[in-house]
Structure formats: C-alpha cells, structure tokens
Amino acid sequence: MIRSWNALEPHLGFLLEGFALTVAACVLAVAGAVVLGALIASLRTARSRAARAVAAVYCDLFRNVPFIVQLFFFFYGLPELGIYIGAFETGVLAMSIAGGAFVADVIRAGILSIEQGVIEAARVFGLGRWQIFSRIVMPNALRVSVRPMGSVLINLVLTSSILSTITVNELTGTAKIVAATTFMPFEVYAVLLVLYAALTYALSLAVAGVHRRLNRGMPEAVA
Amino acid sequence: MIEINNVEKRFGSAEVLKRINLKVEPGEVVTILGSSGSGKSTLIRCINGLETLSGGAIRVDGNDVSTAAGLAAARRRSATVFQLFNLYPHMTVLQNVTLAPIHVLGQPRAEAETRARALLDLVGLTAQADAYPQRLSGGQRQRVGICRALAMQPRYLLLDEVTSALDPEMTGEVLDILARLAAEGTTMVFVTHEIEFARRISDRIVFLEAGELIVDMPAEAFFSEEGGLAVPRIRKFLSKMTKD
Ligand SMILES: Nc1ncnc2c1ncn2[C@@H]1O[C@H](COP(=O)(O)OP(=O)(O)OP(=O)(O)O)[C@@H](O)[C@H]1O
Ligand SMILES: [Mg+2]
C-alpha cells in the first residue's frame, strides 16, 4: 500500500493540473449556467408568447438529451458551422447550455412563487418593468431557488468529467492517463474521489453562504 | 382631483362595476362602503391602474389612467396602501420606503433616507428601520406600508381595507395614524369596514351595491335618519355592521 502511494507521487502534479482545469471549467460553466438560466427563466415568464415558446423548447431540448450527445454535437458540429473554438471552450459552452436549462427550471419556479401583491405594489409605486424584474422579481426568485439550484450545479460539476471524452485533460482525463501508465487505478481513483468530493463540498458551502445572504431577515421556516 | 366617469369593469361576463361616477377633490376623505363583493377593491384597482377599464375613464389631475403616460403620471400623484401590506420581503423597512422615491422620483439616496426616517419616526418605527418585514408585527408592517406610500408625497392616498388583516389593538395603531393624516388634510379614498372610524374621519361616504354606486353623501347626512338611513339597503348594512 505505502509502496504504491509513493509510486503515484511523481504523477500528482499532473493530476493536480487536471484538477485545476476541472475547477476552471466548473467555475466558468456554473457562472454561464446561472446567467443563461436566469435569462431563460425570465423568457419563460415573459409576456410574449413567442419568447415563452422559445424558452420552453430550449429547456425541454437540453434537459432531455444525454449530455455526452450534446457535447459531441457541439464538438463536431461547431467546426462544420465554421466556428472554431478549443475543446476546453466547447466543453464550457456545452456545460453552460445544459446547466442553464436546469437552472432555468429552478429559477422559474422561484419566479412563480413570488406573491402577486408584492409585484402589484411595485407597479403601483411606478417602477418600470425592468426595475421590477431586477429589483423585486429576481432577488426574490433567487432567494427561494438557490438551494435547489445548488443540487443542479453540483450535478453540473460531476458532469464535467465527461469533458475528457473530447480531449480535455481535466481531472478524469488525467486520471485515465495516470491509471494506464502506473497500473494503479485504485489509488488514482481514490485521489479523484477526494478531489471531486472536495470540489462539490466547496460548491455546496458557497451555495449555503449565498442562500444565507439572500435570506437575511427571513423566518427560519422559510430560510 | 380624481375623476371617475362612467367607469365599467367586467371580468368575463360578470359586470363588477356599472357606470360608476365619482369625484374626489383635494383635501377630501371619501370612504367607500359596501358589502363583500360589491366592487370596492376593484374600483381602487381601477384608479391605480392594476385593472384595465372595460368602459368609461378615470383621470387623476387630468391624467387618463388608460394611457401609458397618463398612468405613469397618475401613479406619481397617488399612492396605495394594501390590505395585506405587500411589502418587499427581501428589503429592510428603510429600503421598502425608499425604493420608489429613489428609483421612480429620482431622489438622491441620502435625501430619500432622511425623509424615510422622519416618516418612520412619525409612526413610531424609528428602531425598526433596518429590520426585515418578516420580523415585524402586522400593525408595524402596515405602518411601514403607510410610510412607503407617504414617502412618495402623494396627493391622493388610496387605502383598501388596510386594517382588516389586523387585530383590534393593531387596528387602533393604524387608524390613529390615518386620523392624523386626515386631520392634516391628506386626500384619501378609503375602503373600510370600520364604520365608526369612517364616520369620524370622512367628508363623504359612497355606497357600492353590486357594482353600482347607489349613494354619495356627506358623512353626517349618510348616518342621519333623513339621509343614508332612509335608504333601506344602507339601514340594513349599517345595522348589520354595527352589531358585530
Ligand atoms: N380578477 C378577477 N376575476 C374575476 N372576478 C373578479 C376578479 N376580481 C374581482 N372579481 C369579482 O368582482 C367582484 C367584486 O370584487 P371586489 O374584490 O372588488 O369586491 P370588494 O367589494 O372589494 O369585496 P370585499 O369587501 O370582500 O373585499 C366579486 O364578485 C369578485 O368575485
Ligand atoms: Mg376588497
């Protein structure tokens, strides 16, 4: 056991590089998914029927197709359209788009949970539609949706391991390589286990922090 | 002046307001009475533009609420206090009161906050400025609701059953403030079931019955034998309301 851990040591740097890439992809994709999700959620609750339809199709489409299929679609499809971006960028884009569909669903539920009277008050006091959306609707929607959004985002982090299938040497990708060269898959994947758990744990802490911040002043039962 | 001319409101086939005519002059307190479902809330919601009219017109100082520009102008001249408070739950008391003054009237934040604190002092909420609404009692919330409305320096205050979600003690807190505002000459359109209070502060009383405005009288006349009490429907309403 001790011997094998020592044998792994020269490869740790490489694994950590992969981990850094995973963290980078996840941070970008989480940000992208939240922004895109908020946008799609607002379209889903918009007045325009066309906007609502577009957003609904988006959600249904990207939630109901396996992520790996979406990833290959972008990876092989974008160059066909004359769009050349790196594998890493393609991965982040695909994760943002897929994550956005789930985030949109969660935020939409948050938007629908807002008391109509609160919005009517804002209207009566003369706030414009954009002001109501940004100052009343979104803050309240996010408040109730951060928690469920947390599980969506953790899933997104786990999904990042699939990026190894399009040549991105993130954590899972490097692990495959190290496992193959050292013949120590057990030890390698034990390291992976710890690193992924650390990453998702950090994310869940961040989500809890944001939740607490957005729910200042709320009674415990709701918060 | 708030001018309500031949206003009609239908929800589907239900005629909820039928050719309502009413004028509210600056400085007047006009109370709207009527049994449940008679259309009182709907009338208030037509004045502040939460409902679109099916017919007729409403003008607030000449601004037609049926047009976008007119409604925006009307909303700067009037402010509403709601039955269920409708405070912004994610904002502190101070933020609730200053939101519209800052973002609608364009007041500098510091000025808006100074005014807001002065209003909160007046209603005894000095210590609650930084609290969130959920931490307040119903009476305190409604006092915030009143401050939020007054912070707009409205010419007209629209109040729809602002005490009906409160227990008697809190009702007292809120009514005291409204009585003070009335005495200071604040113009109010006031929907209430507090008959005695309405009698005390109103200049005029109007009575809605199934969407029709059947009586519009000075307050003393409304409660007199020759006036309101001579109308059987009102006599019945008043005897029922004052019994419980
Ligand atoms: N959005 C709506 N859609 C359909 N019907 C409505 C709507 N709003 C109100 N109504 C109906 O209009 C009528 C008048 O309602 P309104 O709320 O104005 O009565 P009210 O006089 O305020 O009653 P209360 O004293 O109970 O508050 C009622 O019959 C009600 O059911
Ligand atoms: Mg009502």
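Helix 6 of chain A supplies the largest share of the lining of the largest pocket, 5 residues. Helices here are DSSP runs of H or I with at least four residues, strands are runs of E with at least two, and both are numbered from the N terminus. The model is predicted, so local features need pLDDT of at least 70 and side-chain atom pairs count only at pLDDT 80 or more, while totals for chains, interfaces and linings use all residues. Residues are numbered from 1 along each chain as its sequence is written, chains are lettered from A and ligands numbered from 1 in the order in which they are written, and side-chain values use heavy atoms, with hydrogens and water left out.

Back to that pocket: about 780 Å³ of space lies in it. A pocket is an open set of points on a 1 Å grid over the protein atoms alone, where a 1.4 Å probe fits, with protein on both sides within 12 Å along at least five of seven lines; lining residues have an atom within 4 Å of a point. Its volume is the space filled by probe spheres set on the points, which are joined across faces, edges and corners. The largest pocket has 19 lining residues, and A:Thr45, A:Arg47, A:Ile119, A:Arg129 and A:Ile132 lie nearest its centre. At least two lining residues each come from helix 4 (87–112), helix 5 (116–124) and helix 6 (129–159) of chain A. Sorted by class, the lining has 10 nonpolar, 5 polar and 4 charged residues (nonpolar: Ala, Val, Leu, Ile, Met, Phe, Trp, Tyr, Cys and Pro; charged: Asp, Glu, Lys and Arg; polar: the others, Gly among them).

The second largest pocket holds about 360 Å³ of space. Of its 18 lining residues, A:Glu115, A:Val118, B:Leu87, B:Pro89 and B:Gln134 sit closest to the centre. Helix 6 of chain A again turns up, giving the most to this lining with 3 residues. The classes here come to 10 nonpolar, 5 polar and 3 charged.

As for chain A itself, its secondary structure amounts to 8 helices and 0 strands. The C-alpha trace of chain A spans about 70 × 50 × 25 Å along its principal axes.

Now for helix packing in chain B. The axes of helix 5 (residues 138–150) and helix 6 (residues 168–183) of chain B come within 8 Å and cross at roughly 20° (axes are lines fitted to C-alpha atoms, for helices over the stretch in contact, and angles run from 0 to 180 degrees between N-to-C directions). These two helices of chain B are therefore roughly parallel; angles under 35 degrees count as roughly parallel, over 145 as roughly antiparallel, 65 to 115 as roughly perpendicular and the rest as oblique. Their crossing is right-handed, with the near helix turned clockwise from the far one by less than a right angle. Residues in contact (heavy atoms within 4.5 Å) include B:Arg143 and B:Ile146 of helix 5 and B:Val174 and B:Ile177 of helix 6 of chain B. By class, this contact has 7 nonpolar, 4 polar and 2 charged residues.

Helix 3 (residues 93–103) of chain B also comes within 8 Å of helix 5 of chain B, axis to axis, crossing at roughly 25°. That makes this pair roughly parallel too. B:Val93, B:Asn96 and B:Val97 of helix 3 meet B:Val144, B:Cys147 and B:Arg148 of helix 5.

Helix 3 of chain B packs against helix 4 (residues 109–122) of chain B at about 130°, with axes 9 Å apart, and the two are therefore oblique.
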